[in-house]
Amino acid sequence: MFFEQRQAERKVLKTKAKLVIEGDEPFLTRTVDISAAGMSLALPKPLKVGQPGSIAFDLFFEGKATPINARSKVSYCIFSNGEFKVGFQFVTLDLHAMTVLSKYLR
């Protein structure tokens, strides 16, 4: 039996993102979903749990695009439908990003 381990409700978010993993070249990817605590991305290669990185994306809300740059770390990595779904936990978000994200998630 499967038990949901997430602490925060997630909302679908399909947009482009730039991922920078320390020690690697930045690359473009796409987001899958987001919550107040983190987000998941679809990636062509696996990442190790605990790897630090930075995710930059635009959050479209109320007719405006808000650029968000979040320091994060990998919390899980699973292979699904020919790609890796990688979950990231936010480590730092600025106050403006937290405010817009909170409104988006309502």
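Helices (H or I, at least four residues) and strands (E, at least two) are DSSP runs, numbered from the N terminus. The model here is predicted: local features need pLDDT of at least 70, side-chain atom pairs count only at pLDDT 80 or more, and totals for chains, interfaces and linings use all residues. Residues are numbered from 1 along each chain as its sequence is written, and side-chain values use heavy atoms, leaving out hydrogens and water.

**Exercise 1. Work out the pattern that the protein follows along its sequence.**

Step 1: read along the sequence, and you get β-β-β-β-β-β-β-α.

**Exercise 2. Decide for Glu 9 and Thr 66: buried or exposed?**

Step 1: Buried means under 20% relative accessible area, exposed over 50%, and partly exposed in between (1.4 Å probe, protein chains only).
Step 2: Glu 9 sits in the segment before β1 (11-12). Its relative accessibility is 72%, so Glu 9 counts as exposed.
Step 3: Thr 66 belongs to strand β6. Its relative accessibility is 10%, so Thr 66 counts as buried.
Step 4: now see who touches whom, where contact means heavy atoms within 4.5 Å. Skipping neighbours within four places in sequence, Glu 9 is in contact with Ile 34 and Ser 35. With residues up to four places away left out, Thr 66 touches Phe 57, Asp 58, Leu 59, His 96 and Val 100.
Step 5: check how far apart the two are. Between Glu 9 and Thr 66 there are 57 residues in sequence and 21 Å in space, C-alpha to C-alpha.

**Exercise 3. Find out which residues of helix α1 are buried and what they pack against.**

Step 1: list them. In α1 (residues 95-105), the buried ones are Ala 97, Val 100, Leu 101 and Tyr 104.
Step 2: look down the axis. These residues cover an arc of only 100° (from the directions from the helix axis to the C-beta atoms), so they lie on the same side of α1.
Step 3: find their partners. The buried residues of α1 pack against β1, β3 (27-34), β5 (52-61), β6 (64-80) and β7 (83-92).
Step 4: Asp 94 caps the N-terminal end of α1, with a side-chain oxygen 3.1 Å from the backbone nitrogen of His 96.

Note on methods. A polar contact is a pair of N or O atoms within 3.5 Å; within protein, one must be able to donate a hydrogen and the other to accept it, and residues adjacent in sequence count only if both atoms are side-chain atoms.
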